[in-house]
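Please keep the sequence and the structure open side by side while reading. The text below goes from the overall layout to single strands and residues.

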Amino acid sequence: MEETRDLLELKNLSKFFPGVVAVDDVSFTVRSGEVHVLIGENGAGKSTLVKMIAGINPIDKGEMYLEGDHFVPDDVVDAQTHGINMVHQELSMMSNRTVAQNIFIGREPMKGGLIKSLDIKKMNEESQKMLNELGVKIDASSKTSDLSIAMQQMVELVKATSSQNKILILDEPTSSLTAPEIKSLFAIVRKLKKSGVGIIYISHRMNEMFELGDRITVMRDGKYVGTREVKNTNEEEIISMMIGRNIGTLFDRTYNECGEVLLETKELTGLRFKNVSIKVHSGEIVGMAGLVGAGRTEVAKAIFGYDPIDSGRIIKSGREIKLNGHSPRKAIDLGISYLPEDRKQEGLFLDFTISDNIIPAVLGRIFPSGIVNQKKQKEIAEEYVKKMSVATTDSGKIVGSLSGGNQQKVALAKWLLTQAEVFIFDEPTRGIDIGAKAEIYALMDELVGNGAGILMISSEMNEVCGLSDRIYAMHDGVVSGELFRGIDDFSEDNVLTIMLGSGGNHE
Amino acid sequence: MNRVKRLIKSVPGSTWAGILLMVFFAFAAKGYLSERNIMNILQSTSALVVLAAGMTMVILLGEIDMSVGGVLTIAATVTGMYLKLYETITVANIMIALLICCAIGVAFGLLNGLLIGYMRFNFWLVTFGTMSMGFGLAKGVTGGGVLSGFDTMFRWISTGRVFGIRTCIIWAAIICAIVIFVNYKTKFGLHIYAIGDSEICAQNSGVNVKKTRFFAYVLSGLMAGLAAVLLLARTNSAGATLGEGYEFNAIAAVVIGGTAMDGGKGGFKGTIFGAIFISAMKNGLQLVGLSNYWQQVLLGVVILAIILYDVINSKIRDKKSLRRVYSDGI
């Protein structure tokens, strides 16, 4: 490896959003030819920080130095022309365009003199060259929507490296990839590293950062916690830096005797899952681990009557129920509730008040006449606002103005009000701060203590391993393993192995 | 057998409808496929296809320009009034008339583009507003009356003949060729697709979303102005009802041509087909003696049928490809 030097220096960067300091006085440096892992819990401000570096979020305070020169990007294009590129966490491809057009969007090659036209041939040729150089076997002229998610991810990577590159930011690039795909991604990252690019790599996976990273910087609650050389640190140190407290207290559970089977699926098969047979007992939290796209959410939505099923049975408290994609309403009435993973799109009416967000699932039950009694609604809402300790006492506040954690509490309150027996929680703590997390964990513990059953879908391994009584691992639409607390190895590594489909110790 | 099946399924609903239409009218309407009648169809397509060219750009963005009919009307009306000022018309007058017509179109396009592209107002509200302004102004300046009987030199723009082909068809063909270039071969065209496909992605890739959106509306306005010239010269009359319903026909042409209403998919080549389709259908129905009103109803039915066919077809396809992706192990 060539001699490394400081490439990018961040000095006291801050970013303020209404009511929150998303990034608070962060300083560190990125060297050339290093993979600098940025880690922290969801909501720690990593994504906001890198978006500032990439020119997407304007910098509110602080300075940036690129190769020693003062540089604050005006916008994305400015950052790109200075060699700072970013691959986003969510795929943002134009699915109806070709691979080449995606790679060259924003700086298309032109031909002709007075009247310039797109040089599609050059675009295809150069894209193909870049794809080949990085060993990605894709035809540059193929339509993007025809590629698998993994391949699209590779295209994004090629796109980010296509302009002159000094700093490359990768925001959780492996979150939807399988093990072999991750390998080929790593190979590309190593190639880029060798060529002297400084890589900022956001990840949640411990093994990844120790395999690929040179240095690790930890962020917590928007603040810089510290930077460690990979060879001088270990997992325990990084985790304690991330969490800032003992994991044991965070996942404090009172384990209950399991009761009757509340929910059972038998050989449930739908569009993205096959032969899924699971059980949820009264008094237990069942974790569901798996990669994005493994089919967990699809199973949940099928149980909730949102998506159709092709075959198989759903049994609630001993009685078969037939919803088949027709009626979440019926599911709610039968005592099943589902907290969707994306609270902003699916879980909440962001422009409505807290009170109007809490009540909808039970409107008919509380007001059978169909006429809404505003006063009663307000009373109920306020009771739940208090119960959930939402950071405001005013149930008339607009939900969109609350912080992520408080929004999630409101979304949860809606389902508590249905007094369901089975709660399906899809990523219940995504993107919320540690305090709210602890409260939600405590609430889940209380719910199962009162005899409910919880099916928790989560991509946060520590959550799944720390909280569950039992874990189902899903891989490519099938349940690839089942683990029991106290019997099986509940370590993150073991669960990860099973959910990646590379063999399980319990089938 | 399977290949035949796949081939049949790959043909969009509009093409089937077009084939059926041709066959039906070839038998039902005498002289439908005669050279003269085909020229007739193309003539009545000329203004529509130009109008639909601008509409294609806006729909590719995932939006709609409802104002084009109103803009066409006011542009044609003011131009008509200008021409009526003179006893005899010179070439210079015609140039000025063209300029007026296009300038009015562009002015409305600028307004739409400014409000929607730069100030991010809702496109429905803005273009409904400018549509109302267009029709209203036309009524106001004419007092509700109709202007007609323009100079033959001006009317040559649409009714002249070059190599035996009506000039309006030639102009429309030239404009179509330019728009095809803009649509498929320029940065602007590609960026319109990009925004319609994924605005966030376009923005993050450094596409100037505001500017691109702005110019799409300006182009749509300009096309309305050009369509106004062709229509004015062809029909030899102008008034507040000249462009009535044209926005709907333009949208219909775009949709029949296979451009998706949510943007990012399709293109102007399909729109040309869609515009000819509409004219051909109206012409055929006229020949078999169906009134204007019933033509309107049938056009609606045909559009719904085409969309239904394509939606069902693509749903089946999507489901299959999803299964394929899934069985590949995602």
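This is a predicted model: local features need pLDDT of at least 70, side-chain atom pairs count only at pLDDT 80 or more; totals for chains, interfaces and linings use all residues.

Residues are numbered from 1 along each chain as its sequence is written, and chains are lettered from A and ligands numbered from 1 in the order in which they are written.

Chain A is assigned domain 1 (6–245), domain 2 (246–335 + 420–507) and domain 3 (344–419); such bounds come from an automatic or database domain assignment. Between domain 1 and domain 2 of chain A, the C-alpha centres are 33 Å apart.

Chains A and B touch through 26 residues from chain A and 24 residues from chain B. Two residues are in contact if their C-beta atoms, placed from the backbone, lie within 7 Å. On the side of chain A that touches chain B, α2 (76–81) and β8 (117–118) of chain A each supply at least two residues, and α2(A) gives the largest share, three residues. Helices (H or I, at least four residues) and strands (E, at least two) are DSSP runs, numbered from the N terminus. By class, this side of chain A holds ten nonpolar, twelve polar and four charged residues. Here Ala, Val, Leu, Ile, Met, Phe, Trp, Tyr, Cys and Pro count as nonpolar, Asp, Glu, Lys and Arg as charged, and the others, Gly among them, as polar.

Next come the cores. A nonpolar core is a set of buried Ala, Val, Leu, Ile, Met, Phe, Trp, Tyr and Cys residues joined through C-beta atoms within 7 Å. A residue is buried if 20 or more other C-beta atoms lie within 10 Å of its own, exposed if 12 or fewer, and partly exposed in between, with C-beta atoms placed from the backbone. The largest nonpolar core has 158 residues, and Leu51(B), Leu72(B) and Ala227(B) have the most contacts inside it. Helix α11 (residues 209–235) of chain B provides the largest share of this core, 17 residues. Apart from neighbours within four places in sequence, Ala227(B) contacts Ala47(B), Val50(B), Leu51(B) and Leu72(B). A second, separate core of 73 residues includes Leu291(A), Val299(A), Trp415(A) and Leu417(A).

Is Val30(A) buried or exposed? Val30(A) counts as buried because 25 other C-beta atoms lie within 10 Å. This residue belongs to strand β2 (residues 20–31) of chain A. Not counting residues up to four places away in sequence, Val30(A) touches Leu7(A), Leu8(A), His36(A), Ile167(A), Gly198(A) and Ile200(A). Arg215(A) is 185 residues away from Val30(A) in sequence, yet 9.1 Å away in space, C-alpha to C-alpha.

Now to the sheets. Two strands pair if DSSP finds at least two bridges between them. One open sheet of chain A has six strands in the order β18-β19-β20-β15-β21-β22, with mixed pairing. Its edge strands, each pairing on one side only, are β18 (336–339) and β22 (478–484) of chain A. Neighbouring strands of this sheet are turned by 20 degrees against each other on average, direction ignored. Axes are lines fitted to C-alpha atoms, for helices over the stretch in contact, and angles run from 0 to 180 degrees between N-to-C directions.

Tyr472(A) has Glu482(A) as its bridge partner in β22(A). Helix α17 (residues 434–449) of chain A packs on the sheet and touches β15 (285–290), β19 (422–426) and β20 (453–457) of chain A, its direction making about 145 degrees with that of β20(A). Helix α19 (residues 492–499) of chain A also packs on the sheet, touching β15, β21 and β22 of chain A, at about 40 degrees to the direction of β21(A).

Another open sheet of chain A has four strands in the order β14-β13-β16-β17, with antiparallel pairing. Strands β16(A) and β17(A) form a hairpin with two residues between them, and Ser317(A) in the turn has a positive phi of about 45 degrees.
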